[in-house]
Amino acid sequence: MADIPTLRIEALQVRYGAVEALKGVSIEVHAGEVVTMIGGNGAGKSTLMKAISGLEGAAAGRVMFEGRDITRMPGHQRVALGIAQCPEGRQIFPDQTVRDNLMLGAYHRAASAAQIAADLEAQFAVFPLLRERLHQSAGTMSGGEQQMLAIARALMSRPKLLLLDEPSLGLAPLMVKDIFGVIRQLKQRGITLLLVEQMANQALAVADRGYVLETGNIIMQGGARELRRDPRIRAAYLGEH
Amino acid sequence: MVAILQAVFSGLALGGIYALVALGFNITHSTTKTLNFGQGELLAAGTVIAVSGVMLLAGKGMHGTLDPQDVTLWRYAVSLLISVVVLGLLGVLLYYTAVRPFIGLGGLSWVMSTLGFGIIIQNTALAIWGPSAMVIPSPLGDNVIRIGGAGVLPQEILVVAASVVVMLCLDTVMRKTKIGKAVRAVAHNKNAATLMGINVPAVVVLAFAISSSLAGLAGLLIAPITTASVFMGLSIALKAFSAAIVGGLNNARGCMLGGFLLGLVESMVGLWHAELREISIFMLIILVLVLKPEGLLGTRVAEKV
Ligand SMILES: Nc1ncnc2c1ncn2[C@@H]1O[C@H](COP(=O)(O)OP(=O)(O)O)[C@@H](O)[C@H]1O
Ligand SMILES: [Mg+2]
């Protein structure tokens with residue numbers, strides 16, 4: 001158990017035509033860990049998330065999930081394996097109700113109605129506002145509420161690995177605080193998390209370990225506390241000079 | 001007055017046909033942003049296949065003439081089913097050969113390739129069935145029913161009823177069922193749908209199968225009112241496409257509304273001045289496009305790619 005990581009990425013390369021967005025990225029995420037991936041705009045963070053979920057193909061390298069090579073597996077099958085992603089920009093289904101969005105999160109599951117209902121209740125415990133909005137069109141909610149919905153929707157698949165791509169993007173400071181509060185709760189529940197963030201300070205505060213991605217390469221990695229103290233990180237990502 | 005009522009009935013029947021085919025355009029457009037411009041030829045092929053089906057079931061061989069007593073309701077229904085299934089399969093073939101290779105490449109290659117697919121189907125059908133029109137009596141007979149003094153063909157009632165029922169079913173499936181919600185998710189955002197564990201390619205193939213089946217259904221419904229021929233599809237598909245544009249290509253209910261609207265306009269204007277029918281339809285299209293470019297019920301798209 002300890003020696004088979006939940007996620008292991010080996011020398012992954014992803015290209016968009018001539019653009020090489022990932023140039024040989026290797027990372028690991030172990031069960032129960034919160035790992036953060038920080039890096040500036042265009043570093044390749046979202047590309048990495050898409051490659052893990054099978055939305056982008058690998059030009060070279062491997063994606064391993066629980067010891068199994070899933071590099072060529074279609075994206076929808078990876079969800080059934082236990083990989084859920086809350087994508088950048090939320091990407092909820094605005095024309096469908098909050099409830100239908102949540103149910104789509106559980107789309108692939110063959111669970112009983114009672115089980116699904118219990119899981120819905122579990123989401124309401126973390127995101128009480130979703131209960132009030134249940135029958136409302138998801139598109140009518142505020143950005144922060146939509147982000148909560150997107151996370152809850154991903155959790156409805158009962159993931160073994162949850163990928164969060166910039167959950168704080170474009171949100172007001174108070175909302176950002178709420179989102180990180182939720183991430184802490186998920187961590188306490190033992191959910192394995194890979195968190196992509198530009199808010200490096202907050203992300204490193206909640207994470208166990210971190211990687212720094214720059215123009216398609218991992219340039220630094222280590223324990224979250226060490227990274228947070230590293231002068232290069234402080235200068236480049238924590239806005240200190 | 002009676003004439004107007006009569007025109008309303010035949011306009012609704014015609015409109016039901018346009019609406020079914022327009023809905024087919026909506027289904028592929030919302031899931032892939034492409035349209036099957038071979039829809040008309042598929043419709044014609046499906047119809048001649050179904051008419052031959054009725055002939056074979058009646059023991060008349062492929063090139064016989066159908067008498068009213070040959071067209072029983074069950075023969076008609078079985079042939080309809082065959083035609084819908086064959087067209088569904090053709091829709092899948094069309095997707096793999098003429099649409100999928102070009103999806104996501106930008107450009108309009110799929111316009112040519114779907115047109116080309118339609119022409120191949122049409123010429124194949126021409127080689128088998130020849131150019132002449134085939135007459136198929138209505139399974140419900142030709143006894144005109146009087147409603148408010150106006151004479152209505154039983155087939156016209158069948159067309160309206162069948163198209164409305166099929167559309168209500170599709171509408172309900174799309175709004176209420178798990179698979180329908182998944183299709184809408186795919187239509188809205190393929191990546192996000194994949195992240196839900198939805199098999200997006202399978203949903204897209206299904207969309208093409210349903211779209212083509214609808215054309216087959218429309219063809220065999222209208223054939224007893226007009227006739228069946230290899231060439232019957234083009235004008236129907238063109239009107240249905242116009243109906244989709246008028247009603248809103250990205251809105252299923254809009255496409256249905258557009259279909260009935262066009263059918264009614266065509267039939268009402270035809271009553272008054274037959275030669276103005278087409279003119280008035282295209283005037284209507286231009287008017288709608290000027291006033292509401294996205295169509296009557298369409299929404300302006302600001303979608304992520
Ligand atoms: N669909 C795409 N087509 C072409 N280039 C892309 C595409 N998506 C991302 N890129 C490029 O790949 C690089 C990494 O992008 P991305 O992974 O979105 O970065 P990040 O999420 O770290 O901001 C950028 O240079 C970006 O311009
Ligand atoms: Mg990004």
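How far from an oxygen atom of ligand 1 does a backbone N or O atom of Lys45(A) lie? I began my notebook with this question and looked up the distance: 2.8 Å. I note that the model is predicted.

**Entry 1: ligand 1**

I then looked up two further backbone distances to ligand 1. For Gly44(A), a backbone N or O atom lies 2.9 Å from an oxygen atom of the ligand. For Ala43(A), the corresponding distance is 3.2 Å. I also looked up how much of ligand 1 the protein covers: on its own the ligand has 560 Å² of accessible area, and the protein covers 61% of that.

Next I listed the residues around ligand 1. They are Tyr16(A), Ala21(A), Gly40(A), Asn41(A), Gly42(A), Ala43(A), Gly44(A), Lys45(A), Ser46(A), Thr47(A) and Glu88(A). I sorted this shell by residue class and found three nonpolar, six polar and two charged residues. I asked which element gives the most to the shell. Helix α1 of chain A, residues 45–53, does so, with three residues.

**Entry 2: chain A against chain B**

I turned to the contact between the two chains. Chain A brings 21 residues to the contact, and chain B brings 18 residues. The size of an interface is often expressed as the accessible area lost when the parts come together.

I looked for polar links across the contact and recorded six residue pairs in polar contact between chain A and chain B, both residues being at pLDDT 80 or more. The count of salt bridges between these chains is one. In a salt bridge, the side chain of Lys181(B) meets that of Asp100(A), with 2.9 Å from N to O. On the side of chain A that touches chain B, α2 (75–81) and α3 (98–105) each supply at least two residues. I classed the residues of that side as eight nonpolar, nine polar and four charged.

**Entry 3: salt bridges**

Side chains of opposite charge can pair when their charged atoms come close. I searched the whole structure and found 22 salt bridges over all chains. I looked up a pair within chain A: Glu10(A) and Arg62(A) form a salt bridge, with their closest N and O atoms 2.9 Å apart. This pair links distant parts of the chain, 52 residues apart. Glu10(A) belongs to strand β1 (residues 7–16), and Arg62(A) to strand β4 (residues 60–65).

Notes:
Residues are numbered from 1 along each chain as its sequence is written. Chains are lettered from A and ligands numbered from 1 in the order in which they are written. This is a predicted model: local features need pLDDT of at least 70, side-chain atom pairs count only at pLDDT 80 or more; totals for chains, interfaces and linings use all residues. Side-chain values use heavy atoms; hydrogens and water are left out. A residue is near a molecule or strand if one of its heavy atoms lies within 4 Å of it. A polar contact is a pair of N or O atoms within 3.5 Å; within protein, one must be able to donate a hydrogen and the other to accept it, and residues adjacent in sequence count only if both atoms are side-chain atoms. Accessible areas come from the Shrake-Rupley method with a 1.4 Å probe; for residues, only the protein chains shown count as cover. Helices (H or I, at least four residues) and strands (E, at least two) are DSSP runs, numbered from the N terminus. Ala, Val, Leu, Ile, Met, Phe, Trp, Tyr, Cys and Pro count as nonpolar, Asp, Glu, Lys and Arg as charged, and the others, Gly among them, as polar. Contact means heavy atoms within 4.5 Å. A salt bridge is a side-chain nitrogen of Lys or Arg within 4 Å of a carboxyl oxygen of Asp or Glu.
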